[in-house]
Amino acid sequence: MATHMPESANAASGEAAAERLLEGADPATLGADLLEAIEALWRKRSTSAADALARINAPKDAAKAARRALFKLQSAGIRPALPEEAPTDAEAAPAPAKARLLQADISSYDPRGTRAIMVLLEKPFAGLLSLFVIASDTEGLMDADLGPTTKKAYAARIRNFAGQYETIRFTSAPPEYAVHLIHKMAALNDQHEHHHPLPQDYSMLKTVAPDIPEWEGPPPIYSELDAEQVRGRVDLMATGELAESEFAGWRFDEEQLKEWLVRLQTARGGPLVVSAEAQKERERTILDEATDALFTAADRTRAKERLEETAYFLLHDGQQEAADRCLRAALNVEESAAHDSPFLRQLVASSVQQVTNGEVGGEEASAESGPPRTESGIILPA
């Protein structure tokens, strides 16, 4: 009679393999037990486990699983230990002490693409420092505050800021990624038409902590959700719903829509009598052209980034289904023409509906059907 190995045996072999990794064993020697070892290391939630995961770079499936486990540990504040650097010359001066990133927290977006980012770091001989910034993905860094803090004061500042707004919340993020976002937003300051000067405290960060490591790889959502699995389980058309829920505050104003509103009005009031279906097709064509014009390549890249960041926020807020929809939309927005993205097209359709309070091309329901804000905490009052 056939027998089956109990799950406890797999767990035991994984624990044993994990212990071998913790003792310094080469991951290549573990063979089929490597994936079980990765799961066991993640459960240990220790710096030594993070060190062991960081050493796994082959085979491909194990390396990917190790990166995911390591990202989860980093999101929980557990990071690999900094490697010790041996001096190359016995008489060389000691290297300056490096700043150490401890924690980062990122808020949800407001409808204009603005959010708060907080980073907690430790500088030898200076103690704990916090960097608090208000960052816009269209205008750059709006404000920055760098100064000494304590862990208690850092947590209190997050609570106090979130308490000022009914719908804003924070989620933890890998600190290197948060700093990467801050640098990325800072690069926009010179590009914005109003040329916002960089906040002085942001410039001070480069003096206080010039050795912060760069973020490598894709946004952290891809370490927690498998893109191909999301493609398989989420209907692309369902992503249009995001324009009426998580992104209900993202609307184009009347001035931005002016050309397309005139064309729609002309199409509806022209002397040529056409069938109802032909009329709807006219309006759909105008809406497609408006979507392509309003979402340039740069705008679509920004939309993708907002979707990826929102997917991460929602996943950490326990909203798996909404996170899946956001990531599915992100995977689609740059694949073809803008009007082929149900999400982008619905953003434009809903904007037109809001201005005209009417129906566009037989499309989705009137503006009243969309909530002014959602329970997810993504939308702030306009």
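## Aromatic rings and their charged neighbours

The charged end of Arg-45 lies over the Trp-42 ring, 4.9 Å from its centre. This is a predicted model, where local features need pLDDT of at least 70, side-chain atom pairs count only at pLDDT 80 or more, and totals for chains, interfaces and linings use all residues. Residues are numbered from 1 along each chain as its sequence is written, and side-chain values use heavy atoms, with hydrogens and water left out.

**Exercise 1.** Find another charged end that sits over the ring of Trp-42.

*Solution.* Start with the test: NZ of Lys or CZ of Arg must be within 6 Å of the ring centre and within 35 degrees of the ring normal. Now try Lys-72: its charged end sits over the Trp-42 ring, 5.2 Å from the centre.

**Exercise 2.** Classify the pair Phe-247 and Trp-250.

*Solution.* Rings of Phe, Tyr and Trp (its six-membered ring) pair if their centres lie within 6.5 Å; planes under 30 degrees apart are stacked, over 60 edge-to-face, the rest tilted. A search of the whole structure gives eight aromatic pairs. In this one, the centres are 6.2 Å apart with 50° between the planes, so call it tilted.
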